[in-house]
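Q: I would like to go through the spaces inside this protein. Could we begin?
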Amino acid sequence: MRAGLVFGVIATGSVIVLAGCGTGANAPPEQVQPGPTQAASPIPPVTNPRDVAALARRPCELLTSQQAKGFGLDLPSRQYDAALGDVGCEWTTITRERETIRTVSISTFTNNPTLEVAYGKRQALPFFELTEISGYPAIVTRTNADIASCDIDVKAAERQSVTVIYDSKELNNNPQQSCEVGKQVAAAVLMNLPLKS
């Protein structure tokens, strides 16, 4: 055991001596290995940005009354507190029996890489689509293949986005159709955002 300890000390001392050999004035320049190149983002840049922040505190103005009625939503809408101090807006359609059959929720994000985060979670989802809505990058997802509920995230400007969630019990026989209607709602919302100056 003592011989092993001595050998370990000698080996360690040799490493220290070797490490100290190249520290003089004539030492060769340090070789820096190039790091891995950062992959380009799959989310394309926005070329005609819109100002989400302008309506972030008034999300119920992101759909006009006429647009809401056109999508079969009951009025008035309801503003609610969302995560991290943000507010969202919700429209519903309720039957005479007080059963909710359709809901649209809109949330805004004014300093968040929403689409990049959503893209990173794509493997865990039964449905994922990277697309464009009215010329803006968008991600369309569904968390349950059997339910007519669709999330649409649209990047309106750098680190600014809008999320539209469209739910409809009427589409339970064709759940994927909820995404098609949700995209139409998201397109209307985008056009109600002012252009950034």
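Q: Which helices and strands each supply at least two residues of the lining of the largest pocket?
A: In this predicted model, they are β3 (100–109), α3 (114–120), β6 (149–157) and β7 (160–168). Helices (H or I, at least four residues) and strands (E, at least two) are DSSP runs, numbered from the N terminus. A pocket is an open set of points on a 1 Å grid over the protein atoms alone, with protein on both sides within 12 Å along at least five of seven lines, and lining residues have an atom within 4 Å of a point.

Q: Which one gives the largest share of that lining?
A: That is α3, with three residues.

Q: And which lining residues are closest to the centre of the largest pocket?
A: Of 13 lining residues, those are Thr114, Ala118, Asp151, Asp153 and Thr163.

Q: Now the largest cavity: which residues line it?
A: Among them are Asn112, Pro113, Thr114, Lys155 and Ser161. A cavity is a set of grid points where a 1.4 Å probe fits but cannot get out. Here too α3 gives the largest share of the lining, three residues.

Q: How confident is the predictor in the chain?
A: The mean pLDDT, a confidence for each residue from 0 to 100, is 84, and 80% of the residues reach 70 or more. Over residues 1–37, however, the pLDDT is below 50. Where pLDDT is low, the predicted coordinates should not be read in detail.

Q: What should I know about the numbering and the values?
A: Residues are numbered from 1 along each chain as its sequence is written, and side-chain values use heavy atoms, without hydrogens and water. In this predicted model, local features need pLDDT of at least 70 and side-chain atom pairs count only at pLDDT 80 or more, while totals for chains, interfaces and linings use all residues.

Methods. Contact means heavy atoms within 4.5 Å.
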